[in-house]
Amino acid sequence: MPTVEELYRNYGILADATEQVGQIRRQAIKELPQFATGENLPRVADILTQLLQTDDSAEFNLVNNALLSIFKMDAKGTLGGLFSQILQGEDIVRERAIKFLSTKLKTLPDEVLTKEVEELILTESKKVLEDVTGEEFVLFMKILSGLKSLQTVSGRQQLVELVAEQADLEQTFNPSDPDCVDRLLQCTRQAVPLFSKNVHSTRFVTYFCEQVLPNLSSLTTPVEGLDIQLEVLKLLAEMSSFCGDMEKLETNLRKLFDKLLEYMPLPPEEAENGENAGNEEPKLQFSYVECLLYSFHQLGRKLPDFLTAKLNAEKLKDFKIRLQYFARGLQVYIRQLRLALQGKTGEALKTDENKIKVVALKITNNINVLIKDLFHIPPSYKSTVTLSWKPVQKVELGQKRATEDTTSGSPPKKSSAGPKRDARQIYNPPSGKYSSNLSNFNYERSLQGK
């Protein structure tokens with residue numbers, strides 16, 4: 001492939017005078033679409049794509065406009081040039097070509113983005129996804145999930161399968177490999193918004209139950225400050241609502257149940273004088289329990305006799321004791337939180353301290369509702385709760401999430417030390433866990449430093 005400079009020389013529009021190069025280049029970019037006819041169009045698209053590497057704002061704007069112009073002439077030919085550089089071009093060109101697609105495709109009218117054009121985008125994207133960084137994968141999922149032809153149930157299912165392939169769910173999970181862990185989480189985050197009552201999360205939930213939960217304490221991540229265990233449990237909880245028929249339901253439900261028991265301690269033994277024999281009260285990890293209890297509640301609906309028919313009497317008795325102990329501590333904590341928030345409205349609730357307390361109250365209320373369900377005879381799975389980190393209000397279908405500013409005429413800055421294409425990066429969301437000792441339910445101390 002000839003270089004940009006050679007191509008300019010071929011068109012006779014490259015000036016030797018250094019002081020005039022910028023002006024000549026901008027004029028050349030304006031005129032390039034005139035050459036975009038017939039077989040020349042993919043070549044012009046290729047040239048313009050290479051020019052996305054410019055750091056000159058005016059020139060960058062012109063390149064974007066020129067690409068959009070020839071896109072409207074021949075979308076398939078333009079995509080040929082763009083994807084040629086994405087697959088074979090230099091890293092900076094590849095990066096900016098992907099960002100061009102992720103920000104500009106949605107601005108094109110339906111008569112340009114026809115079904116055939118969208119099929120070509122999907123086909124070429126699959127080739128790119130064979131070797132991408134975590135950031136590139138997120139951008140391509142944004143591109144593909146925005147295509148009209150993939151808004152259907154079958155389209156969403158196709159995207160889920162694409163993510164599952166990227167997550168490598170056929171392979172044994174390696175909890176000690178940060179790349180393996182990050183790849184799974186990155187892919188799962190992209191899959192979660194695609195799940196619905198018609199597009200099931202069964203494959204992902206099964207993998208989490210079979211491969212991830214047993215290794216929860218061994219998970220590693222290079223992301224500083226990320227509670228990787230809580231992040232995994234949150235994703236499992238979100239997916240559990242949309243799990244379909246599971247092949248090994250009882251086995252996986254038992255694994256989930258066993259993991260839940262780890263975070264629901266037995267009451268401390270009492271000495272002869274009625275005081276605690278141990279030095280420390282068990283710590284209640286509310287965020288973990290919310291996720292695990294919610295997941296168990298969701299999957300338990302599919303096997304409602306699990307607690308009564310699948311567990312022996314001793315195991316069930318043990319579980320009820322744990323539930324009672326946790327519920328007792330929970331009530332103390334809920335009362336303290338409600339007292340702390342009593343009478344506070346508007347701006348008073350927007351302070352960082354009160355925001356934390358509001359979230360803590362959501363978590364504890366959710367756990368309280370779910371525990372009450374399990375105390376029914378037989379256990380009930382009818383109650384519904386909104387996970388504490390999820391918005392209560394409904395999101396309109398088709399509503400777009402806030403994205404980076406795409407109105408600026410400035411080119412993206414070059415990333416001098418960016419990741420290699422085989423490196424995966426993980427988004428670090430805000431998270432927190434709320435724990436307290438039963439012997440001293442002080443919400444101030446339990447919420448600070450978490």
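The chain has a mean pLDDT of 83, and 80% of its residues reach 70 or more. The structure is a predicted model, and the confidence of its segments therefore deserves attention before individual residues are discussed.

Two segments have pLDDT under 50. Over residues 395-408, where pLDDT stays under 50, the model has eight contacts beyond four places in sequence. Over residues 414-450, where pLDDT likewise stays under 50, the model has 111 such contacts beyond four places in sequence.

Pro 379 lies in the loop that joins helix H17 (352-375) to strand E2 (435-437). Its relative accessibility is 12%, so Pro 379 counts as buried, the cut-off being under 20%. Beyond its neighbours within four places in sequence, Pro 379 contacts Leu 307, Thr 308, Asp 373 and Leu 374. Its C-alpha atom is separated by 9.9 Å from that of Arg 301, a residue 78 positions away along the chain.

Helix H17 itself contains Lys 357. Lys 357 counts as buried because its relative accessibility is 5%, again judged against the cut-off of under 20%. The side chain of Lys 357 forms a polar contact, at 2.9 Å, with the side chain of Glu 353.

The accessibility values of the two residues are set out below.

| Residue | Relative accessibility | Class |
|---|---|---|
| Pro 379 | 12% | buried |
| Lys 357 | 5% | buried |

Notes:
Residues are numbered from 1 along each chain as its sequence is written. Side-chain values use heavy atoms; hydrogens and water are left out. Helices (H or I, at least four residues) and strands (E, at least two) are DSSP runs, numbered from the N terminus. Buried means under 20% relative accessible area, exposed over 50%, partly exposed in between (1.4 Å probe, protein chains only). Contact means heavy atoms within 4.5 Å. pLDDT is the predictor's confidence in each residue, from 0 to 100. A polar contact is a pair of N or O atoms within 3.5 Å; within protein, one must be able to donate a hydrogen and the other to accept it, and residues adjacent in sequence count only if both atoms are side-chain atoms.
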